[in-house]
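Subject: Handover of a structure, with notes

Hello,

Please find the structure below. The notes after it go through what was found.

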Amino acid sequence: QVQLGESGGGLVQTGGSLRLSCTAPGRTFSSAAMGWFRQASGKEREFAAGISRYGTTTHYADSVKGRITISRDNAKSTVNLQINSMKTEETADYYCTAAVSTIYHPNSAEEYNYWGQGTQVTVSS
């Protein structure tokens, strides 16, 4: 059962910017921490970004720190992700996720409860 839905995936030019959105139809995640993970073909899910329930705290993977931004709009039950200067090795399925309980390790996939179906992102050379 998919409760979150990602949009904005597709083809991105190398060096270009990725902009993704995640919405939970019929549900508000105002009390949930949110995150983005990505999974390349044949690889494990990798943490990209996380944001606290009130949007006051963010966490980013070292590999994207400095060129990534996560934001949220609780009124719209939406979380957004932007990554600049995309690299070819960042081609992956990108997943939105939510944690309804307090989490202490936002980079750990095991701490999240709900997941979107993923959106494919291909970075061209």
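How many of the six residues of strand 5 are buried? Five of the six are, so strand 5 is largely enclosed by the rest of the structure. Buried here means under 20% relative accessible area, exposed means over 50%, and partly exposed lies in between, with a 1.4 Å probe and protein chains only. Strands are DSSP runs of E with at least two residues, numbered from the N terminus.

This is a predicted model, in which local features need pLDDT of at least 70 and side-chain atom pairs count only at pLDDT 80 or more, while totals for chains, interfaces and linings use all residues. Residues are numbered from 1 along each chain as its sequence is written, and side-chain values use heavy atoms, with hydrogens and water left out.

Strand 4 and strand 5 run antiparallel and are joined by five bridges. One of the bridge pairs is Met 34 with Ile 51 in strand 5. These two strands form a hairpin with six residues between them, and Gly 42 in the turn has a positive phi of about 75°.

Strand 6 covers residues 58–60 and pairs with strand 5 in the antiparallel sense over three bridges. Here Ile 51 stands opposite Thr 58. The hairpin of strand 5 and strand 6 also has six residues between the strands, and Gly 55 takes a positive phi near 75°.

The largest pocket

The largest pocket has a volume of about 180 Å³. A pocket is found on a 1 Å grid over the protein atoms alone, as an open set of points where a 1.4 Å probe fits, with protein on both sides within 12 Å along at least five of seven lines; lining residues have an atom within 4 Å of a point. The volume is the space filled by probe spheres set on the points, which are joined across faces, edges and corners.

The pocket is lined by 13 residues, and the closest to its centre are Ala 33, Ile 51, Ser 52, Arg 53 and Ile 103. Strand 4 (33–39) and strand 5 (46–51) are the elements that give two or more residues to this lining. By type, the lining divides into six nonpolar, six polar and one charged residue. In this count Ala, Val, Leu, Ile, Met, Phe, Trp, Tyr, Cys and Pro are nonpolar, Asp, Glu, Lys and Arg are charged, and the others, Gly among them, are polar.

An open sheet of four strands has the order 1-3-8-7, with antiparallel pairing. Its edge strands are strand 1 (5–7) and strand 7, each of which pairs on one side only. The twist averages 20° from one strand to the next, taken between lines fitted to C-alpha atoms, with angles from 0 to 180 degrees between N-to-C directions.

Strand 1 pairs with strand 3 over three bridges in the antiparallel sense, and Ser 7 has Ser 21 as its bridge partner. Strand 3 (residues 18–23) is joined to strand 8 (residues 78–83) by six bridges. Among them, Leu 18 is partnered with Ile 83 and Thr 23 with Thr 78. Strand 3 has a covered face of Leu 18, Leu 20 and Cys 22, and an uncovered one of Arg 19, Ser 21 and Thr 23.

The disulfide

The whole structure contains one disulfide, defined as a pair of cysteine sulfur atoms within 2.5 Å. Cys 22 and Cys 96 form it, with their sulfur atoms 2.1 Å apart. Cys 22 lies in strand 3 and Cys 96 in strand 9 (residues 92–99), so the pair ties together parts that are 74 residues apart in sequence. The torsion about the S-S bond is about -85°, so the disulfide is left-handed. Cys 22 is buried at 1% relative accessibility, and Cys 96 is buried at 0%.

Loops and strand 7

Most residues other than glycine have a negative phi. Ser 77, in the loop between strand 7 and strand 8, has a positive phi near 50° and is buried, with a relative accessible area of 13%. Ser 85 is in the loop between strand 8 and strand 9; its phi is also positive and near 50°, but Ser 85 is partly exposed at 39%.

Asp 73 belongs to strand 7 (residues 68–73) and is partly exposed at 29% relative accessibility. The C-alpha atoms of Asp 73 and Tyr 54 are separated by 9.4 Å, and the two residues are 19 apart along the chain.

Regards

Terms used:
Two strands pair if DSSP finds at least two bridges between them.
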